Amino acid sequence: MNRKTLPLPVPVPLLAATGALLLLTGVAALAAPEDSGAQAKSAARLPVERSSLLCPAPSGSDLAETSYTSFTPVVKGADGEGEASLLPAATDGAEGETDKKKDGKGKKDGKGDKSEKGKGDKDGKGGSGQEAGAEPVFEAKEPGKPVGHSASGGAEPALIGTAEGRLAPGWTVQQSTKTPVGTGRGLSGLACSAPDTDFWFPGVSTAGSRSDYVHLTNPDDSAAVVDVELYGPGGALKSEVGEDIQVRPHASVSVLLSTLTEKTEADVTAHVAVRSGRVSAAVHSADEKTGGDWLAPAGDPAGSLVLPGIPKDATSARLVVFAPGENDADLRLKLATPSGPITPAGHESLHVKAGMTATADLRDVTRGQPGSLLLSPGDKAVPVVAALHVVRGNGEKRESAFLPAAPSVGARASVAENHAKGSVLSLTAPGAAGRVKVTASAGTRGGTPVSKTYRVKSGSTLAVAPPVPQGLKGTYALTVEHLSGGPVHASRLLEAPEDGIPMFTIQTLSDDGGTVAVPEAEEDLSVVQDAERD
């Protein structure tokens, strides 16, 4: 899940040549094991040639201000032409039965949420398909230089994006929306994601104070069929309308999770399973007291997880964990601080029953220091998914965001839309110490890239103000490249305080999938050319 790209790594002639080479090598191996005509080397990595990203409809508030930033890093070997563009997905605004409250009414006030547009239903009435000849919302044509776009109001559609050629490897798009008032007010941020078939969202809710919508966007020419399953502390929540949700081609729908069940639960895990086709999925949560933000899909179920980048001034951190298999999970909890790992007082372990959602209220666990949560198995590793619901501020000046468990940055990861001030980059090495290079790109309106190398100590979290391009104009992107040592996990906090409210959002950084392994021949391919002629 959470694939960043759809790789088309090599031209068709090379694929044919490689296939012929493998065939000839196999035959030669049977005839003369010690004298094969061409020996296979270790696989080479080539840039992908096409990427797909999907952005959900950003907001239903007329006061919302949304910004998009597209960025592709400069990748060795990605030459020639290229282009990245995002087109509007279609919705017809029809209200489906899955968007209706049990009393037949919508959300109480409709402020700051998406209760008035683009809803999904079992007949796919939330989306009528992308209109023919739709013009791109915005385009990018040059690697290494981010491109920005802004929009106002609550009528913005979901976006379906494609990058090709030299714009494809490592392509990322950041979507950020600032809503000043109403339910869900605050800063909502999300890295647009690739289509997939399986998604986990620990941390959603069907409580009356929350309005959590799952957004489903279909980039393909055929309809997608999706099931949405909900699991609370007691197991699966009964639902008669969560199955067979149809998402029309090139369209986007959203479903209010509380309409899928009669059960009201504060802590729920949602599972989006695609029966047919592909979609992207993201959840927007709006809370009456703590604002709103996007919840991106958690990393794949695993026995050990990292949740990187809890803010140092977090006043509350609530951990939500789900075990999707048939076995209970016993987890050990550690907090990776700047000086090393510690055990949170009173939260040394957590027992998670199979098929049930478990929680731990860690409160102000960071106590003035940045940190990351490390989950490891007890006696036996059992795959789980996890996320944190993080709150900053106090009283009526509280703001919340989500931090899902995420894989490491891998070879390279990028995040767009950073400002000269208000960005915090958190780096965590859960095992051995690791070294990374962080590059600040040119700005959307000018600036010179700069790079800086960081060493992250074993079991620690390093939170820094990231480097800023020289002469920055506009916003810029950050690219984190792993240099040596153990795996490094990362997240970026973006803040935009207003009227004493610490508005913020957090995005994790995972490997951008910008290259793919391709077998490389040791000898020349003349024998293959002869074989093709024959």
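## Basis

Local features of this predicted model need pLDDT of at least 70, side-chain atom pairs count only at pLDDT 80 or more, and totals for chains, interfaces and linings use all residues. Residues are numbered from 1 along each chain as its sequence is written, and side-chain values use heavy atoms, with hydrogens and water left out.

## Disulfide

The whole structure holds 1 disulfide (a pair of cysteine sulfur atoms within 2.5 Å). The disulfide links Cys-55 with Cys-192, at an S to S distance of 2.0 Å. Cys-55 belongs to strand S2 (residues 50–55) and Cys-192 to the loop between strand S9 (186–191) and strand S10 (198–204), so the pair ties together parts that are 137 residues apart in sequence. Strands here are DSSP runs (E, at least two residues), numbered from the N terminus.

The link of Cys-55 and Cys-192 is right-handed, with 110 degrees about the S-S bond. Cys-55 and Cys-192 are both buried (under 20% relative accessible area, with exposed over 50% and partly exposed in between; 1.4 Å probe, protein chains only).

## Strand pairing

An open sheet of 4 strands runs in the order S6-S3-S8-S9, with antiparallel pairing (two strands pair if DSSP finds at least two bridges between them). Strand S6 (147–152) and S9 are the edges; each has a single partner strand, so one side of each is left without a neighbour in the sheet. From one strand to the next, the twist averages 15 degrees (axes are lines fitted to C-alpha atoms, and angles run from 0 to 180 degrees between N-to-C directions). Strand S3 (residues 65–71) is joined to S6 by 6 bridges, and the two run antiparallel. Tyr-68 has His-149 in S6 as its bridge partner.

Strand S36 (residues 489–495) and S37 also run antiparallel, joined by 6 bridges. Arg-492 stands opposite Gln-507 in S37. In strand S37 (residues 504–509), 5 of the 6 residues are buried, so S37 is largely enclosed by the rest of the structure.

## Second largest pocket

The second largest pocket has about 460 Å³ of space. On a 1 Å grid over the protein atoms alone, a pocket is an open set of points where a 1.4 Å probe fits, with protein on both sides within 12 Å along at least five of seven lines; lining residues have an atom within 4 Å of a point. Grid points are joined across faces, edges and corners, and the volume is the space filled by probe spheres set on the points.

The lining of this pocket consists of 21 residues, with Pro-73, Val-74, Arg-412, Thr-479 and Glu-481 nearest its centre. Strand S30 (434–443) and strand S35 (476–485) are the elements that give two or more residues to the lining.

Ser-460 lies in strand S33 (residues 460–464) and counts as buried, at 2% relative accessibility. Beyond its neighbours within four places in sequence, its contacts (heavy atoms within 4.5 Å) include Ala-336, Pro-338 and Leu-427. Val-247, in strand S14 (residues 245–247), is buried with a relative accessible area of 0%. The C-alpha atoms of Val-247 and Val-225 are separated by 6.4 Å, at 22 residues apart along the chain.

Gly-325 sits in the loop between strand S20 (314–322) and strand S21 (329–337), and at 39% relative accessibility counts as partly exposed. Not counting residues up to four places away in sequence, Gly-325 touches Ala-354 and Gly-355. Gly-325 and Val-384 are 8.2 Å apart in space, C-alpha to C-alpha, and 59 residues apart in sequence.
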